[in-house]
Amino acid sequence: MTDGNPGSTATAHSAQPQDEAAPEYDDTAIRFLEALWGEGFLSPGGPDEVRRVVADLDFSGKRVLDLGCGSGGITLFLAREYQPGEIVGFDVEQPVVDLATKRAEEQGLADRARFVRGAPGPLPFPAESFDIVFSKDALVHVADKEALFADIHRVLKPAGLFAASDWLTSHDAEPSEAMKVYLEAEGLSFGMASAARYESAMKRAGFVDVRTVNRNAWYRDVARAELERLKGPLYKPVAEAVGSDYVDKNIRTWSAMQAVLDSGEHCPTHIFGMKS
């Protein structure tokens with residue numbers, strides 16, 4: 001899946017050489033996830049969850065980076081609803097960037113929202129380029145959290161803000177057998193880590209006012225409902241779009257994910273910080 005089961009796609013510092021590998025979020029993956037989560041959304045929660053992440057931010061006239069933008073739904077939602085001066089969506093996979101660019105043009109937002117594809121590694125932006133860096137369930141694809149947050153800190157302006165959600169684990173020890181089953185079912189370049197490691201990496205990079213909010217209880221129930229929809233009313237129309245084998249695979253993935261959500265080992269989390 002893509003933005004983290006999720007949804008946005010891999011960002012800079014990805015564990016996989018995306019330039020050489022086939023996209024993890026190809027047309028089939030995009031169609032499947034958008035059937036489940038809504039057009040342009042490759043991670044759960046839709047606009048309401050995005051609003052929760054950015055509730056304390058003022059986007060007006062600001063330059064914003066959406067890191068791991070996926071197919072652009074969230075970037076364009078932020079452009080419409082929060083009126084930034086400019087929002088740049090960044091991703092390492094070409095199919096989602098192409099689709100996001102097309103949608104920006106179709107929705108009349110190309111003057112405010114643009115999309116950039118770059119290779120895994122340091123972000124292709126000068127230092128102090130953005131007032132706000134946002135990400136929705138995409139940083140899970142980055143194994144080196146320390147390098148990631150150092151780079152995010154670099155591209156933020158002084159007093160710039162970081163706000164994100166991401167897919168974390170409850171600990172940094174060996175994953176449980178249930179988590180190993182889930183990760184194998186996902187088959188994506190996940191580099192999951194704990195809130196403690198995220199907070200440590202952010203503080204080491206120079207962030208202040210760092211805080212995290214565990215969203216496991218919310219997504220545990222939402223994911224269960226998603227699984228029931230996949231088994232029930234969504235099965236036929238989605239199977240017609242992407243094939244029954246693909247839907248069956250994802251039913252197995254959601255079932256494996258539910259086990260680690262219920263145990264608390266899988267922790268969707270909101271993450272916040274400010275550049276000092």
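The dialogue below takes up the cavity and then the helix pairs.

Q: What kind of model is this, and how are its residues numbered?
A: This is a predicted model, in which local features need pLDDT of at least 70 and side-chain atom pairs count only at pLDDT 80 or more, while totals for chains, interfaces and linings use all residues. Residues are numbered from 1 along each chain as its sequence is written, and side-chain values use heavy atoms, with hydrogens and water left out.

Q: How many cavities of 30 Å³ or more does a search of the whole structure find?
A: Rolling a probe the size of a water molecule over the atoms shows where empty space is left. A cavity is a set of points, on a 1 Å grid over the protein atoms alone, where a 1.4 Å probe fits but cannot get out. The search finds 1 cavity of 30 Å³ or more, and the volume of the largest cavity is about 60 Å³.

Q: Which residues line the largest cavity?
A: Lining residues have an atom within 4 Å of a point. Here they are P44, E49, K136, D137, S165, D166, W167, R215, W218, P268, T269 and H270. At least two lining residues come from each of β5 (156-169) and β7 (266-275); strands are DSSP runs of E, at least two residues long, numbered from the N terminus. The lining comprises 4 nonpolar, 3 polar and 5 charged residues, where Ala, Val, Leu, Ile, Met, Phe, Trp, Tyr, Cys and Pro count as nonpolar, Asp, Glu, Lys and Arg as charged, and the others, Gly among them, as polar.

Q: At what angle do helices α9 and α10 pack?
A: Helices are DSSP runs of H or I with at least four residues. Axes are lines fitted to C-alpha atoms over the stretch in contact, and angles run from 0 to 180 degrees between N-to-C directions. For α9 (residues 235-242) and α10 (residues 244-263) the angle is about 125 degrees, with the axes 7 Å apart. α9 is therefore oblique to α10, given that angles under 35 degrees count as roughly parallel, over 145 as roughly antiparallel, 65 to 115 as roughly perpendicular and the rest as oblique. Contact means heavy atoms within 4.5 Å; Y235, V238, A239 and V242 of α9 meet S244, Y246, V247, D248 and I251 of α10. This contact has 7 nonpolar, 1 polar and 1 charged residues.

Q: How are α1 and α9 oriented to each other?
A: Helix α1 (residues 27-37) packs against α9 at about 165 degrees, with axes 10 Å apart, and the two are therefore roughly antiparallel. T28, R31, F32 and A35 in α1 meet V238, A241 and V242 in α9.

Note on methods: On a 1 Å grid over the protein atoms alone, a cavity is a set of points where a 1.4 Å probe fits but cannot get out, and a pocket is an open set with protein on both sides within 12 Å along at least five of seven lines; lining residues have an atom within 4 Å of a point. Grid points are joined across faces, edges and corners, and a volume is the space filled by probe spheres set on the points.
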